[in-house]
Amino acid sequence: MSAPNFDARFDRQVRFAALGAAGQARLEQASVLVVGCGALGGSLALQLVRSGVGHVRLVDRDVVELTNLPRQVLFEERHIGRPKALAAQETLARIGGPSRVEALAEHVDADNLAELARGAQLLLDGTDNLATRYLINDFCVERGLPWIYGGVVGAAGLVLPIVPQLGPCLRCVFPEPPPPGALPTCDTAGVILPAVAAIAALQCAAALRLVATPRERWSEIEPHLIELDVWRLESRVLSAARDPECPCCGAREFPYLDASGEGLAISLCGRNTVQVRPGGGARAAADLPALAARLEASGFELVLADGVLRFSAEGKRFTVFRDARALIEGLEDPARARALYDRFLGS
Amino acid sequence: MVQVHLTRHLFAFFPQLEGRALEVEASDVAGVVRALEALAPGIGFYVCDERGRLRPHVNVFIGNSMVRDRRQLSDALAPGDTVSILQALSGG
């Protein structure tokens, strides 16, 4: 079998003058971290790999569910129950090409973001919560790394490429995240694939442009906040500006980097699911076989596969990962989830 | 008159504004918020806090430029201006 001909593979892309052979070469040398591998993140990863980005690292804390399939393009029915990052990696591997795809089934927090982003020159937002986005913003501004915010609910979404010091950061535009319940979620307003695909496409186009453009020319890239509604064909391209009083990129205060992820219980957007992480010190590691044996002895039906343990209790479905993190489906209340975690897993 | 665009997601909370051409008399951004409040009671407190400052997950643009004054909403408007009110989105 002859070696793959990547020159031929990317011929049409290289013919796009704004990219050209030099831009394509930069893509193939690039390393990008995609945070979250669900609807936006999966679509982003697919486009990055199709485009020939050299190294794509995927990180996601979640497992594939039936309700993901209408909009999360990397997953099939056979992936249900598997960690999203690993299922995505499997799908992306079938595309071939020069990209090296790395997959990590982990929760992203202030404790591990630096390690997850090691070597990356760009971060892409495929998350489903604002807490992680404000953490990414602090991290990227502190390190001078570009990142691209994207959010989508219903048929509409927002995109904001963030190039620290050259343009606004997330907190210049939206200084703080809102309190719980203030925003519509995928649960209350729903979400459709065309909206996800369009927002991810805008994010990916911005990503390719950033990666293909030498850093000394990044100032030519205008900091546009884009709002797009694919259902009603409405769009706005707005000029976002730096806030001279921004606590993040102005005063260089990074409170989200200081917030340890330990002991967190957070409700996941539109999922009727709470993620619980163990507290009490260093990163935990669950002995899943031992936990499985204990639960089985107590009469629970369970499945232990692919590095995750799944069982049901109290009408809730638990998915436990090796890092002792658990997704508890069937409730929204973090305190109640924390209590169930403590009851069935201990902490 | 000033034309007002609300981000689509605000209509979930203020459905009475859905489908309406929003044109209001206002000489500054604070005036726009007051006019919207008259049309849809509660939207003023959704966009601004109890001290009249823009809430931190909300932003306002005049034309395609971000407002400068988030505290007093004193950015001036001229007839024919377009004001866009957006908020952060969490889904993805």
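This is a predicted model: local features need pLDDT of at least 70, side-chain atom pairs count only at pLDDT 80 or more; totals for chains, interfaces and linings use all residues.
Across all chains, the search of the whole structure finds 6 aromatic pairs. One of them joins A:Trp147 and A:Tyr149, whose ring centres lie 6.3 Å apart with the planes at 70°, so this pair is edge-to-face. Both A:Trp147 and A:Tyr149 are buried.

A:Phe300 and A:Phe311 also form an edge-to-face pair, with 5.9 Å from centre to centre and 75° between the planes. A:Phe300 belongs to the loop between α12 (288–297) and β11 (302–305) of chain A, while A:Phe311 is in strand β12, so the pair ties together parts that are 11 residues apart in sequence. A:Phe300 is partly exposed, at 22% relative accessible area, whereas A:Phe311 counts as buried because its relative accessibility is 2%, under the 20% cut-off. Ring pairs also bring in A:Phe318, linking A:Phe300, A:Phe311 and A:Phe318 into a cluster.

Charged side chains meet rings in both chain A and chain B. In chain A, A:Arg325 lies over the face of A:Phe321, 4.0 Å from the ring centre. In chain B, the charged end of B:Arg55 sits over the ring of B:Phe45, at 4.4 Å from its centre.

Finally, the backbone deserves a look. A:Gln165 is not a glycine, yet has a positive phi of about 75°. This residue lies in the loop between β6 (156–162) and α8 (170–173) of chain A, and A:Gln165 is partly exposed, with a relative accessible area of 41%. A:Glu314, likewise a residue other than glycine, has a positive phi near 55°. The loop between β12 (308–313) and β13 (316–321) of chain A holds A:Glu314, which is partly exposed at 42% relative accessible area.

Methods
Residues are numbered from 1 along each chain as its sequence is written. Chains are lettered from A and ligands numbered from 1 in the order in which they are written. Side-chain values use heavy atoms; hydrogens and water are left out. Helices (H or I, at least four residues) and strands (E, at least two) are DSSP runs, numbered from the N terminus. Buried means under 20% relative accessible area, exposed over 50%, partly exposed in between (1.4 Å probe, protein chains only). Rings of Phe, Tyr and Trp (its six-membered ring) pair if their centres lie within 6.5 Å; planes under 30 degrees apart count as stacked, over 60 as edge-to-face and the rest as tilted. A charge sits over a ring if NZ of Lys or CZ of Arg is within 6 Å of the ring centre and within 35 degrees of the ring normal.
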